[in-house]
Amino acid sequence: MERIKAGKIGRQKLQDMAILKFPFGTLDVRGPQLLTDHQIGSGVDIHVQVPEMKQMVLLSKASPTGRGDWRTQRKSKSMNLEAILQLPTKTLERNLRRIGQDLSNAFSNLREQQSSPSQVLKLTVYLCMKKYFVMPKSVEESALIIRNFHKDEFLLKAVSVELPDKSAVYFPCNSCVYNTNHYDTDRVFFSTKMHLPQDTPTGLKKLRNQELINMRGNGSGLRKEADRIYDYAVYNDLGDSDQHESLERPVLGGNDEFPYPKRIRTGRPEIGTVFHLNQELAYYSPVISVCCANTSGTVVKGGCREAPRLVALVVLPDPMAEHRGEMYAKFYIPRDERVTLVHTPGLVQKDAIEEASRKMMPALYALYSTQVEFQSLDQVFDLFKKGGSMSSADSKCAPKCAPSEAEAVIKLRPPKVIAASENAWMLDEEFARQVLAGVNPVAIERVREFPIRSALDTTSYGSSLSAITASHIEPYLEGLDLQTTIAEQKLFILDYHDLYLPFVDKINQCPTSKAYATRTLFYLRRDGTLIPIAIELSLPPCEGENQSSMNRVVTPPPLNTKNWTWELAKTHVMSNDAGYHQLISHWLRSHATMEPVIIATHRQLSSLHPVHQALVPHFKNTMDINAAARKALVNAGGIIEKTFTPHEISMQMSSTWYKHFWRFDEQALPADLLKRGMAIPDDSKEQGIRLTIEDYPFAADGLELWGAIQTWLSDYVEVFYKDNTSVRNDEELRKWWTEIRTVGHGDKKDADGWPLLDSKRSLVHILNIIMWIASCYHAAVNFGQYEYAGFMPNHPTMTRKLIPDEGTAEFEEFRNDPESFYMSMISNETQAAVIAITTEALSTHAIHEEYLGQGPSPNWTSEDRVLAAFSRFQKRVRKIEKMIAKRNQEKRLKHRHGPAQVPYELLHPSSEPGLTGKGVPNSTSI
């Protein structure tokens, strides 16, 4: 399609569609430096009106907002923006020439009436047409093409077309539109009218298919900022061996040893790539080796005797890894996946991810400094009362992070777990309560057989039987015998034995990290509260030693007494739990497993597809925070490796759990609870299950939200699919689900747990799982991090010593000063400060967060039945909010507050911005 001049209307035939081009005059895009901060002004919201009577073009002023926002340039004759509305041919029968003249005159007047360029203007275009020119249905089944001829991109929020009957057709865009030179084809936007592939109007089919082709790309080349391409890659960018050999890490995904979900492909060259002189090198990591050629043409590495001429630069030595780039260089993700905040007049905004990076990067830098030790628990409390400091790095392995960005003093508010009482966190009742209502409430299981057994290979790891016996635990069962306790569903376990034991030797080889593989048994008392009754600490068998000597069982001291060995055992349990929570419950099960779903959705489901529209609000910002995590959290030498016990094998443990335990169907909350024995089948209940612990806050509140999402999706699917056959005949839907299984999760494609997508019911169930993970599940394991783990001793991420054996010099040290020994075992002051900063950033809600029950925009769909169903969903969510508040007031539900007096609000749907310890965003957005 040809570019046209301002003020002209063009028409062109395209597969039963005609093209109507609306020139919008000149937009002067200023402040590209703000684009790096993802704040690109107020965006452009275009309104096109089709009235009965002629009207002139009008502008409505917005208040000035300072530098970097959109401004209209005075007296410019060039055209920077062009919108093209594709309509059915029948609507373009008359008056094209007259309309073109009207627009030309209108824009001429517009240039005369423009206000000062210092003011921000919201562009509103009134298009003058005859009443008979456009019919509502014709516009609703149309497509909008936007061409930007300005050198800078802009954020296009929406376009609306108001019809003579006062109805309007909306084109939701919410996309950054770059200069046309960045695209091989035009940018296309569709109206809110959704279509299944088999029901798409003829004129839209080609555009629909072309958009999907554009999104898939060709699988090659370096991705650039303006690209809108979604394809797959393995996790081969976690290591950084070109910076230091100690930072080399195995590739996760695409192999049997370390299977993993796929991530977005960036196209960055692999380490070991030869760069020729005409290539741009600034993006990549520092050069390690120089190749020269002598006069005879022989290539010599590092130099040569004859006068050399430079022919190439080579980065060595890992051919499997991608270049990571500079520390502050962002990994590629499609531009619309990157956090973009639009300006709100009078509001000083901070991008949540940029704010997190601002704090976390200096924190990461400090981890490479000479670290400071705590001398007492009082000093940990001082971190929140007086603040702490970050020192400069002094290691060659330190990331290239700007020291000037580090804050000299950090100030943090006290986490809720110590706000009401500074000692409650140490109580056994609070330790147990957090297994049900803390930051990781998804690991506890019910004991269904005894003795407890391991599934590990006995030739490598010794006896499969646990060292915990009936004699260890029966004194704590309120007079019940062991078998009765199991039969009455009162015995529970937190079992990290099989996950940790294969890695314990490797962990303990590190001088600053020490671990056991732990099992913890809990008993449900008659008053409905959970208490710990035994902890097993296991080490792998050593050659020539008795296997039984490698297992230690520790039990609680008598009531109202303190036993420091028991406290150290609990600390090792919480260290296991912290690693499991961050690497598996949080990162793997919500962030990493969701990324291939996002990629497949954009590759296989058109934005015209109702399933695409249902899912996209639940993907907001996920790929952006995932890229940031690969940059500074889960990478080699990142925050997790430097502050968590598993250190450099952290992501290998995550891969191991994915390999042996992850199944898609078990991510459904009811299935997860049944698998862990935390619920039993009960047809009288709404979800067909009954909790084995009534006062299990995560599960009780979660089931309410699971059911609300399920009902909403059932109503939604019913609007678009008349029967099961229409589901099976949906080609885009079939390709989408196949690609998620065989490509995105290709390492698990032949595993159990993949439902067939062959009915309305199965579609609802699959979508329910995806939305649950993205919203409620992630909220439950993320937004309590600061409140529970910000105070490090409550949920220590690092243990640096084992519990000493009696008769050793270390035991005497421990017995003489147990608190000092305890402080030397857990994270030091530097690590604790970094964890507090990191969990604060990750637990904070952005100002423009969208919560469960909030629509993506006021006019996100034109389907009345969908709007009615969503309204019912919103009302149910509000009802659940009130139910949660009421539950938190019931004194009999002791796990909802506990000794620390922290109410369970992690699944309370709404929240204010900031650090609140509650709120369920639509998506995994931080």
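Trainee: Which strands and helices each supply at least two residues of the lining of the second largest pocket?
Mentor: Please keep in mind that this is a predicted model. The strands are S21 (445-446) and S22 (491-495). The helices are H12 (497-508), H13 (564-604), H17 (650-661) and H18 (669-675).

Trainee: How much space lies in that second largest pocket?
Mentor: The second largest pocket holds about 920 Å³ of space. It is lined by 31 residues, and the closest to its centre are Glu445, Asp495, Asp498, Trp657 and Phe661.

Trainee: And how do the residues of the lining divide into nonpolar, polar and charged?
Mentor: The lining of the second largest pocket has 14 nonpolar residues, four polar ones and 13 charged ones.

Trainee: How does one find empty space like that at all?
Mentor: A probe the size of a water molecule is rolled over the atoms, and this shows where empty space is left.

Trainee: Let us change topic to strand S24. Is strand S24 mostly covered or uncovered?
Mentor: Strand S24 (residues 530-538) is mostly covered, as nine of its nine residues are buried.

Trainee: Which strands are joined to S24 by bridges?
Mentor: Strand S23 (residues 517-524) is joined to S24 by eight bridges, and the two run antiparallel. Strand S25 (residues 551-554) also runs antiparallel to S24, with four bridges between them.

Trainee: Which residue in S24 is the bridge partner of Arg519?
Mentor: The partner of Arg519 is Glu536. On the S25 side, Ile535 stands opposite Val554.

Trainee: What about the hairpin of S23 and S24: how many residues are between the strands?
Mentor: There are five residues between them, and Gly528 in this hairpin takes a positive phi near 90 degrees.

Trainee: Now the aromatic rings, please. How many aromatic pairs are there?
Mentor: The count comes to 30 aromatic pairs. One of them is formed by Tyr496 and Tyr500, which are edge-to-face, with 6.3 Å from centre to centre and 65 degrees between the planes.

Trainee: Why is Tyr496 called buried?
Mentor: Tyr496 is called buried because its relative accessible area is 2%, and buried means under 20%. Tyr500 is also buried, with a relative accessible area of 1%.

Trainee: Which residues form one aromatic cluster?
Mentor: Tyr235, Tyr260, Trp587, Tyr658, Trp662, Phe664, Trp736, Trp737 and Trp754 form one cluster. The ring of Tyr658 also has the charged end of Lys748 over it, 5.7 Å from its centre.

Trainee: And what lies over the face of Phe331?
Mentor: Arg268 lies there, at 4.2 Å from the ring centre.

Definitions and conventions: Residues numbered from 1 in each chain as written. Predicted model: local features only at pLDDT ≥ 70, side-chain atom pairs only at ≥ 80, totals over all residues. Heavy atoms only, no water. Phe/Tyr/Trp six-rings, centres within 6.5 Å; stacked < 30°, edge-to-face > 60°. Buried < 20%, exposed > 50% of the residue type's maximum accessible area, 1.4 Å probe, protein only. Lys NZ or Arg CZ within 6 Å of the ring centre and 35° of its normal. Pairing = 2+ DSSP bridges. 1 Å grid on protein atoms, 1.4 Å probe; cavity = no way out; pocket = protein on both sides within 12 Å on 5 of 7 lines; lining within 4 Å. Points joined across faces, edges and corners; volume = space filled by probe spheres on them. Nonpolar A, V, L, I, M, F, W, Y, C, P; charged D, E, K, R; others polar.
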